[in-house]
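Thanks for making the time this morning.

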Amino acid sequence: MEQAEKAFAQARATAPHLLESMELYSTLLWHLRLPTALSFLAQDLMAIAPLSPSSWIASGNVFSHLEDHGAALKCFKRAAQLEAGCVYAYTLSGHECVVLEEWERALGFFREAVRRDRKSTRLNSSHNSNL
């Protein structure tokens, strides 16, 4: 995981306005328990692109790390509002609900993630077959 963190850090140094995969980078920082780097990333992304799902996911990961699961859930839900196809936002919302022991709500988020992922896969495969 440390190699992945170095690769993401290098990518950010090379392209500071990079948004692609930053939600994954924030999750990596969460798993590595690097709260300062995670907080900096979230603040930076919000300054660069406040309407990007990646920014809201990074912010949600900060709150999750701080064990403010209600605030994390709000951030993940905002990410899903900004981009309905953001399956990762639904998945992370489900995880926060598990921590909150809201089992039915978690199940709803996980089901929605699967439903949206299947829909996305079908759209991509029909698009590719038309090429």
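Let me begin with Pro16, which, once its neighbours within four places in sequence are left aside, is in contact with Asp44 and Ile48. Please keep in mind throughout that what you are looking at is a predicted model. Pro16 sits in the loop between α1 and α2, the latter covering residues 22-31, and with a relative accessible area of 42% this proline is partly exposed. Pro16 and Ile48 are 32 residues apart along the chain, and their C-alpha atoms are separated by 9.2 Å.

As a general point, side chains of opposite charge can pair when their charged atoms come close. How many salt bridges does a search of the whole structure find? The search finds four.

Asp44 takes part in one of them, with Arg12 as its partner, and the closest N and O atoms of this pair are 2.2 Å apart.

Moving along, Glu112 forms a salt bridge with Arg115, for which the closest N and O atoms are 2.6 Å apart. These two residues are three apart in helix α7, which runs over residues 103-129, and so they are separated by about one helical turn. Arg115 is partly exposed, at a relative accessible area of 41%.

Let me now turn from charged pairs to helix packing. Two packed helices are described by the angle between their axes and the distance between the axes. For helix α4, residues 53-65, and helix α6, residues 87-99, the axes come within 11 Å and cross at roughly 15 degrees. Angles under 35 degrees count as roughly parallel, and α4 and α6 are therefore roughly parallel to each other. Their crossing is left-handed.

Which residues make this contact? From α4 they are Ile57, Asn61 and Ser64, and from α6 they are Tyr88, Ala89, Leu92 and Glu96. Sorted by class, the contact of α4 with α6 has four nonpolar residues, two polar ones and one charged one.

I will finish with another residue of helix α6, namely Ser93. Ser93 is buried, with a relative accessible area of 1%. Leaving aside its neighbours within four places in sequence, Ser93 is in contact with Leu73, Phe76, Lys77 and Phe109.

To look back briefly, we started at Pro16 with its contacts to Asp44 and Ile48, followed Asp44 to its salt bridge with Arg12, and ended at Ser93 in helix α6. I am happy to go back to any of these places on the screen.

Technical notes: Residues numbered from 1 in each chain as written. Predicted model: local features only at pLDDT ≥ 70, side-chain atom pairs only at ≥ 80, totals over all residues. Heavy atoms only, no water. Axes fitted to C-alpha atoms, helices over the stretch in contact; angles between N-to-C directions. Helix = DSSP H or I, 4+ residues; strand = E, 2+ residues; numbered from the N terminus. Parallel < 35°, antiparallel > 145°, perpendicular 65-115°, else oblique. Left-handed = near helix turned anticlockwise from the far one by under 90°. Contact = heavy atoms within 4.5 Å. Nonpolar A, V, L, I, M, F, W, Y, C, P; charged D, E, K, R; others polar. Salt bridge = Lys/Arg side-chain N within 4 Å of Asp/Glu carboxyl O. Buried < 20%, exposed > 50% of the residue type's maximum accessible area, 1.4 Å probe, protein only.
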